[in-house]
Amino acid sequence: MAAKRKEEKDEVLASGKSSKSDALFDRVVGHIEDIVMSEEFDRIHTDFLERHCHNFDDVEENKLIYTQIFKEYTETMEKCLTDELVRKMPGFKMSERSEER
């Protein structure tokens, strides 16, 4: 009996029906995948790492500069993602997406 209920549940999950919100989310994630695999994203990422790699040592203690580097990295990569998402999806606003989930 439990096996039959599981099969019914599996069928419902595989029905292909999704809400507008789910479809939009899937579209955004698809674009993000394309962006992070692009040469431009890789170039921005590599340039950032090359500019800051001299600040890192193989020691246990974290340096204060790590916080500043992390903040700059986050801002740089988020800007790249957001700019590209807006280009691919005119009117896209990251702030609206982050409030939905």
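Arg87 and Glu84 both belong to helix H4, where 3 residues, about one turn of the helix, separate them. In this predicted model, the two side chains form a salt bridge whose closest N and O atoms are 2.9 Å apart. A separate set of salt bridges with shared partners joins Glu40, Arg43 and Asp47 into one network.

A second pair in helix H4, which covers residues 65-88, follows a related arrangement. Lys79 and Asp83 are 4 residues apart in this helix, so about one helical turn separates them. Their salt bridge brings the closest N and O atoms to 2.6 Å. Lys79 is exposed, its relative accessible area being 52%, and Asp83 is partly exposed at 39%.

Asp57 and Lys63 supply a further salt bridge, with 2.6 Å between the closest N and O atoms. Here Asp57 is partly exposed, at 43% relative accessibility, and Lys63 is likewise partly exposed, at 32%. In general terms, side chains of opposite charge can pair when their charged atoms come close. With a cut-off of 4 Å between a side-chain nitrogen of Lys or Arg and a carboxyl oxygen of Asp or Glu, the count comes to 6 salt bridges.

These pairs are set in a protein of 5 helices and 0 strands. Along the sequence the pattern reads α-α-α-α-α. The protein has 101 residues, of which 17% count as buried. Among contacts between residues at least 6 apart in sequence, 65% join residues at least 24 apart.

The packing of helices can be considered next. Two packed helices are described by the angle between their axes and the distance between the axes. For helix H3 (residues 39-52) and H4, the axes come within 11 Å and cross at roughly 165 degrees. Because angles over 145 degrees count as roughly antiparallel, H3 and H4 are roughly antiparallel to each other. Their crossing is right-handed. On the H3 side the contact involves Phe41, Ile44, His45, Phe48, Arg51 and His52, which meet Ile69, Glu72, Tyr73, Thr76, Met77, Cys80 and Leu81 of H4. By class, the residues of this contact divide into 8 nonpolar, 3 polar and 2 charged.

Helix H4 also packs with helix H2 (residues 20-36), the axes of the two coming within 10 Å and crossing at roughly 120 degrees. That angle makes H2 oblique to H4. The crossing of H2 and H4 is right-handed. Val28, His31, Ile32, Ile35 and Val36 of H2 make the contact with Leu81, Glu84, Leu85 and Lys88 of H4. This contact has 6 nonpolar, 1 polar and 2 charged residues.

Two residues of H4 connect these descriptions. Leu81 is listed in the contact with H3 and also in the contact with H2. Glu84 takes part in the contact with H2 and is the salt-bridge partner of Arg87.

How values were computed: Residues are numbered from 1 along each chain as its sequence is written. This is a predicted model: local features need pLDDT of at least 70, side-chain atom pairs count only at pLDDT 80 or more; totals for chains, interfaces and linings use all residues. Side-chain values use heavy atoms; hydrogens and water are left out. Buried means under 20% relative accessible area, exposed over 50%, partly exposed in between (1.4 Å probe, protein chains only). Axes are lines fitted to C-alpha atoms, for helices over the stretch in contact, and angles run from 0 to 180 degrees between N-to-C directions. Angles under 35 degrees count as roughly parallel, over 145 as roughly antiparallel, 65 to 115 as roughly perpendicular and the rest as oblique. A crossing is left-handed if the near helix is turned anticlockwise from the far one by less than a right angle, and right-handed if clockwise. Contact means heavy atoms within 4.5 Å. Ala, Val, Leu, Ile, Met, Phe, Trp, Tyr, Cys and Pro count as nonpolar, Asp, Glu, Lys and Arg as charged, and the others, Gly among them, as polar.
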